[in-house]
Amino acid sequence: MNKKVIAALAMVSVFSSYASAAALRVAADAVPHSEILNHIKQTDKKLDLKVIELNGNLNANELLARGDVDANYFQHVPYLRDQEKALGEKFSVVATVHIEPLGIYSHKVKSLKDLPDGAQVAVPNNVTNLSRALYLLQANGLIKLKSNSANTLVTSADITDNPHHLKIIEVEAPQLPRALDDAQLAIINGNYALQAGLVPSKDALALEQAKDNPYANVLVTTPKLAHDPRILELAKDLESKQTAEFINQHYQGSVIPVNQ
């Protein structure tokens, strides 16, 4: 056999051995992402999965770019694309898993109909989730925007009608549950709502619609690792009917699997 062919086969063998033996390091938010990954860890014994829970000081895309982790699972594609621009990096989406409906919550009013004029509304301060929050306010008749397309990013400057004179206050997303003590409304990402003990399907005054929602959460890796057998195994697990069943049973509509 040709020596070059033998050498190439040897390299493939080494890589395959490494891929099957080395733990797959995945950075994820505690809820629901780490919970879903830990479920897979229990059900797929072929996959050596190391789940690294994120805290507020860690940027999972920076960790991935540096090679500190092999993949991350915490974000939707619009946020990822914004991060690619900010970091000057290119990432690969290898699985589309679930939607965490953005919700409107309050400790001050029981219905959006009770909202007083001049009410303070706390919203996420990052570009994509701010846009989502404003579209959710529009969907519930509280404001009007220049755009009706959720794929077009908007800011407070794009509000064309604000009949209730709402005061939009931008807050770091993880801090939004705390804003419920001060603001009349807070628009909170599903994962942070769950971490704060809220049940989106029960506690939210209004939720995003799942249908045609562009903000599905995805498994992300580098282009170099996109075809790694461990990554492909995890992607298959995340998109499986078994994982969808776990999400439906465990989160009762607060997290919605894409692959029903």
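Reader: In which helix is the place of P32?

Author: P32 has its place in helix α2, residues 30-43; helices (H or I, at least four residues) and strands (E, at least two) are DSSP runs, numbered from the N terminus. The model is predicted, so local features need pLDDT of at least 70 and side-chain atom pairs count only at pLDDT 80 or more, while totals for chains, interfaces and linings use all residues. Residues are numbered from 1 along each chain as its sequence is written, and side-chain values use heavy atoms, with hydrogens and water left out.

Reader: What is the peptide bond from V31 to P32, cis or trans?

Author: The bond from V31 to P32 is cis, and its omega is near -5°.

Reader: Where is H165 found, and what is its phi?

Author: H165 is found in the loop between β8 (159-161) and β9 (167-171). Its phi is near 55°, a positive value in a residue other than glycine.

Reader: Does H165 count as buried or exposed, and why?

Author: Buried means under 20% relative accessible area, exposed over 50%, and partly exposed in between, with a 1.4 Å probe and protein chains only. H165 counts as exposed because its relative accessibility is 53%. Q252 counts as exposed because its relative accessibility is 56%.

Reader: Why does N129 count as buried, and which residues is it in contact with?

Author: N129 lies in helix α5, residues 127-139, and counts as buried because its relative accessibility is 6%. Contact means heavy atoms within 4.5 Å. Leaving aside neighbours within four places in sequence, N129 is in contact with H76, L102, P124 and N189.

Reader: In which sense do β5 and β6 pair with β10?

Author: Two strands pair if DSSP finds at least two bridges between them. Strand β5 (residues 103-105) runs antiparallel to β10 and is joined to it by three bridges; here I104 stands opposite I187. Strand β6 (residues 120-124) pairs with β10 in the parallel sense over two bridges, and A122 stands opposite A186.
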